[in-house]
Structures are given as C-alpha cells and as structure tokens.
Amino acid sequence: TLFRSEYLASMERILRIPHIACQESALHGLGHWHHTDPRRVEKIIDNFLKRNPNLPPQLATYARYARQGCVQ
C-alpha cells in the first residue's frame with residue numbers, strides 16, 4: 001500500500017541521519033514492519049550496514065536483529 005511504502009521510505013531516510021538514536025529508532029520501526037514486507041526491510045537494513053561498516057557493535061547487532069524482525 002501507499003502508506004507502507006511511504007513509511008518504509010521514511011525509515012530509510014531516517015537511517016541516513018548521523019545520530020545513533022535516530023538510527024536505532026528507524027531500525028526498531030523497520031523491525032516491526034519486517035512481517036509485512038520482509039524483502040524491502042532486509043534490503044534497507046543491508047544497505048545501511050554496507051554504508052556504515054564502523055557502527056558501534058551494539059547498533060550493528062541491533063540492525064541484524066531488526067533485519068529479521070526481532071525487536072521488542
């Protein structure tokens with residue numbers, strides 16, 4: 001749907017903000033949407049991880065969990 005597409009695009013843009021709290025929040029949201037569009041969520045998070053190879057280890061781990069939809 002249009003709403004889902006816009007939401008995921010927004011989360012993808014927020015991941016580009018160079019602030020850990022913003023990135024963590026976007027990853028959290030993406031993790032919750034994994035069940036509705038797993039391929040797109042995985043692609044967004046994969047691209048984020050590729051663009052940011054030097055993330056703090058805890059954020060990189062959280063991204064990998066969110067990529068699988070494992071967020072609380």
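Colleague: Which residue has its backbone oxygen 3.1 Å from a polar atom of the side chain of His-34?
Modeller: His-34 is found in the loop between α2 and α3 (helices are DSSP runs of H or I with at least four residues, strands runs of E with at least two, numbered from the N terminus). His-34 touches Val-41, Glu-42, Ala-66, Arg-67, Gln-68 and Gly-69, not counting residues up to four places away in sequence, where contact means heavy atoms within 4.5 Å. A polar contact is a pair of N or O atoms within 3.5 Å; within protein, one must be able to donate a hydrogen and the other to accept it, and residues adjacent in sequence count only if both atoms are side-chain atoms. The oxygen in question belongs to Arg-67.

Colleague: What pLDDT do local features need here?
Modeller: Residues are numbered from 1 along each chain as its sequence is written, and side-chain values use heavy atoms, with hydrogens and water left out. The model is predicted, so side-chain atom pairs count only at pLDDT 80 or more, totals for chains, interfaces and linings use all residues, and local features need pLDDT of at least 70.

Colleague: Is His-34 buried or exposed?
Modeller: Buried means under 20% relative accessible area, exposed over 50%, and partly exposed in between (1.4 Å probe, protein chains only). The relative accessible area of His-34 is 15%, so this residue is buried.

Colleague: How far apart in space are the C-alpha atoms of Leu-27 and Arg-64?
Modeller: Leu-27 also lies in helix α2 and counts as buried because its relative accessibility is 0%. Its contacts outside four places in sequence include Leu-59, Tyr-62, Ala-63 and Ala-66. Leu-27 and Arg-64 are 37 residues apart in sequence, and their C-alpha atoms are separated by 9.3 Å.

Colleague: Within what arc do the buried residues of α4 fall?
Modeller: In helix α4 (residues 57–67), the buried residues are Leu-59, Ala-60, Ala-63 and Ala-66. They line one face of the helix, because seen down its axis (the arc is that of the directions from the helix axis to the C-beta atoms) they fall within 120°.

Colleague: Which exposed residues are carried by the face of α4 turned away from its buried side?
Modeller: An α-helix has 3.6 residues a turn, so residues three or four places apart point the same way. What covers the buried residues of α4 includes α2 and α3 (38–51). The face turned away carries Pro-57 and Gln-58.

Colleague: How many residues make up the largest nonpolar core?
Modeller: A nonpolar core is a set of buried Ala, Val, Leu, Ile, Met, Phe, Trp, Tyr and Cys residues joined through side-chain atoms within 4.5 Å. Leu-8, Leu-15, Leu-27, Leu-30, Val-41, Ile-45 and Phe-48 touch the most other members of the core, which has 17 residues. Helices α1 (2–14), α2, α3 and α4 each supply at least two of its residues.

Colleague: How many aromatic pairs are found, and which residues form one aromatic cluster?
Modeller: Rings of Phe, Tyr and Trp (its six-membered ring) pair if their centres lie within 6.5 Å; planes under 30 degrees apart count as stacked, over 60 as edge-to-face and the rest as tilted. A search of the whole structure finds three pairs. The rings of Phe-3 and Trp-33 have centres 5.9 Å apart and planes at 50°, so this pair is tilted, while those of Tyr-7 and Trp-33 have centres 4.8 Å apart and planes at 25°, so that pair is stacked. The pairs number three, and one cluster is formed by Phe-3, Tyr-7 and Trp-33.

Colleague: How many disulfides are found?
Modeller: Cys-22 is partly exposed at 26% relative accessible area, and Cys-70 is partly exposed at 42%. With a disulfide taken as a pair of cysteine sulfur atoms within 2.5 Å, the search of the whole structure gives a count of zero.

Colleague: What distance separates the C-alpha atoms of Asp-37 and Leu-8?
Modeller: Asp-37 is found in the loop between α2 and α3. Leaving aside neighbours within four places in sequence, Asp-37 is in contact with Arg-4 and Leu-8. Asp-37 and Leu-8 are 29 residues apart along the chain, with their C-alpha atoms separated by 9.2 Å.
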